[in-house]
Amino acid sequence: MSIPPSRNQTKPNQMGVHKLLPAVGPRRGKRLGRILRVALSFRLWLSLLALLCLLSFALFGLKFITLVGRGGGMESGISSSHQLPITGDVKKNNKEVEQQQLQHSGFGGVVIKAPGSKKRIQHFPCEIGFTETVDYLIEPKDSGNFTQFSLQYVAMEEKPLRVNSFESRFGGHQKLEEREKSFYAHDQTLHCGFVKGPPGFPSTGFDFDEKDMAYMSTCRVAVSSCIFGSSDFLRRPTSKRISDFSKKNVCFVMFVDEQTLSKLASDGHVLDNRGFVGLWRVVVVRNLPYKDMRRTGKVPKFLSHRIFPSSRYSIWLDSKMRLNADPLLIIEYFLWRTRSEYAISNHYARHCVWEEVLQNKRLNKYNETAIDEQFNFYKSDGLSKFDPSDPNTPLPSYVPEGSFIVRAHTPMSNLFSCLWFNEVDRFTSRDQLSFAYTYLKLRRLNPNKPFYLNMFKDCERRALAKLFRHRALPSLPPVP
C-alpha cells in the first residue's frame, strides 16, 4: 500500500523538477563516477553477506525441527531421548520424523532434539472438555453394570508348621499357586496388603491413628497422595479450581511419615486443630512396611479401596503434582463419560515394556538382577512386545504414566489394583514394569468378564495437574 503525500509535499511536475535541480552540464562526469562507486560498494557488501550466510549454514546445519503444539510448560525433571540424525538418506530421515510425530501425536506438542542438543523434549498439555460446573452432575444409572463378584482379603497368616524362623509381612506370603488363582474374577479371598502376623507378632506396618481411620471411613470420594522420607514439598490443590461442593464432600488426604511431618512444619506447613493444611487432611503413617520408600508409596497408590472402605471413587496423584481441576469433573470426564471403571494415562515417551526395562537399567532405577528376574518371569508367562500396528492391541500403550489414576471402586477395579500391588510386593517397586503383564493376564483369563480401563492421553494428564521436581529422590533399595 502506498503512503499518501503529506500536506506540504509538492507534487512533482516537469517544471518543478527543473527549478529544484542545479545545472548539471559541467559536473556530469564526476557525478557519474560517484554513482558507480556507490553501486560497486553496495554489490560488494551484498556478496560478502551472502558468503557469510552460506558459511554459517555449512558450519552449523539445521539445528532444530520444531513442531508447534498447544501452549503449556515443560515437565520438570522428566526427559526423553528421541533424536534424529541430520545427515544420511533423506527418505529414511523423513520416515523417522513421521514415525516420531505419530508416536507423540497423543501427547501434545513436542520439540524434537537435534544431535548434541542439551534441551529437553517439551510435552504440552491439551484441552479437556470438562462440563462447566459440578452443580448438575448426575452419576450414570448404568455405573453399577460392571462385572460383579465378591472380594474378601487375607487379614492374617498363621505360622507354618515345622518352620522355626517366620517373619510376618505386610503383603503376606502368597504362594505361586495362590497368585495364579487370584487372577480369576470370581468370589474369592486374596492377598491385598494389610496382612497381619500370628497373635503376638509385631505389626506389619502402615498403621493409622484411630481418629484418622474414623475420618477415612466416612469418605465417599477420596483424593490422595503421599510423601515419605521428606522426598517432596507439599503441593496444595489449586483452591480456586475446586468447587465449594467438592471442598465439602470430597476427602483430600495426604499420607506422610513422621520425618516428613517434621519437615513440613519447618517449611511453614502447620496443621490446624483438625489436622488440615489447606484442603489436605494430613494423615501420619507409622511403622512403614518397607525400607524402599517407593514400594511404601504403592500402598496408598494402589490400595485406596482398602484405606477408604466406604469410598465409591478415588483419585491418586503423585506428590510431585499440584491438582488443578475439580475431582468430580475429573470423575465425570474420565469414568462416567467413557463408561470406564479405571483410568490411567499412557507414558509420554515409551510404549513397550522392553523399552521400559532398558530405560530402568540405563538410569539405574533398580537392581538389574531383580529387573531381569521379573522380566524373564513375565516373558515366560506370555508377555509380548507392544505392536502399534496390530488392530487387536487392547491398549494404546503397554507402559503407563502412573502418576495420576482415577478409579471407581468396582470389583474388577479392586481386583486389578490388588493384583498390581502384589506384583510390586513380589518383584521390583517399578510398577510400570508390571502394569501390562497384570492387565493382559487378567484380561486373558477372564474373556467373558470385561474390565473397562480407559488409557487416556498424556497431554490430558498434564492438563489436570502442574508438575514439579522432587525435593529429593528416594535412595535405591538394598540389593536382594
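**Charges, rings and strands**

Guide: This is a predicted model. R235 lies over the face of F468, 4.0 Å from the ring centre.

Visitor: And R274, which ring does its charged end sit over?

Guide: The ring of F276. The charged end of R274 is 4.4 Å from the centre of that ring.

Visitor: Now ring on ring. How many aromatic pairs are in the whole structure?

Guide: A search of the whole structure gives 34. Take F183 and Y437: their centres are 6.4 Å apart and their planes are at 80°, so the pair is edge-to-face.

Visitor: Where do F183 and Y437 lie?

Guide: F183 is in the loop between α4 (176-182) and β4 (188-190), and Y437 is in helix α14 (residues 435-445). The pair therefore ties together parts that are 254 residues apart in sequence.

Visitor: Is F183 buried or exposed? And Y437?

Guide: F183 counts as buried, at 1% relative accessibility. Y437 counts as buried too, at 3%. The cut-off for buried is under 20% relative accessible area.

Visitor: Give me another pair. What about F334 and F456?

Guide: Their ring centres are 4.3 Å apart, with the planes at 45°, so this pair is tilted. An edge-to-face pair needs planes over 60 degrees apart, and a stacked one under 30.

Visitor: Which elements hold F334 and F456?

Guide: F334 is in helix α10 (residues 327-336) and F456 in strand β13 (residues 453-456). Parts 122 residues apart in sequence are therefore tied together by the pair. F334 is buried, with a relative accessible area of 1%. F456 counts as buried at 4%.

Visitor: Which residues form the aromatic cluster?

Guide: F170, F194, F206, F208, F228, F255, Y290, F308 and F421 form one cluster.

Visitor: Which way do the β9 side chains point?

Guide: Y313, I315 and L317 point one way, and S314 and W316 the other. All of them are buried.

Visitor: In what sense do β5 and β9 pair, parallel or antiparallel?

Guide: Parallel, over four bridges. A222 stands opposite S314 of β9.

Visitor: And β9 with β12, parallel or antiparallel?

Guide: Antiparallel, over five bridges, with β12 covering residues 400-408. There, R407 is the bridge partner of S314.

Visitor: One more residue, S243. Where is it found?

Guide: In the loop between β5 (221-227) and α6 (244-249). A polar atom of the S243 side chain lies 3.1 Å from the backbone nitrogen of S246.

Visitor: What does S243 contact, leaving aside neighbours within four places in sequence?

Guide: V134 and D326.

Visitor: Zoom out for me. How many helices and strands are there in the protein?

Guide: The protein has 15 helices and 14 strands. Of its 480 residues, 48% count as buried.

Visitor: What share of the contacts with a separation of 6 or more comes from residues 24 or more positions apart?

Guide: 82% of them.

How values were computed
Residues are numbered from 1 along each chain as its sequence is written. This is a predicted model: local features need pLDDT of at least 70, side-chain atom pairs count only at pLDDT 80 or more; totals for chains, interfaces and linings use all residues. Side-chain values use heavy atoms; hydrogens and water are left out. Helices (H or I, at least four residues) and strands (E, at least two) are DSSP runs, numbered from the N terminus. A polar contact is a pair of N or O atoms within 3.5 Å; within protein, one must be able to donate a hydrogen and the other to accept it, and residues adjacent in sequence count only if both atoms are side-chain atoms. Contact means heavy atoms within 4.5 Å. Rings of Phe, Tyr and Trp (its six-membered ring) pair if their centres lie within 6.5 Å; planes under 30 degrees apart count as stacked, over 60 as edge-to-face and the rest as tilted. Buried means under 20% relative accessible area, exposed over 50%, partly exposed in between (1.4 Å probe, protein chains only). A charge sits over a ring if NZ of Lys or CZ of Arg is within 6 Å of the ring centre and within 35 degrees of the ring normal. Two strands pair if DSSP finds at least two bridges between them.
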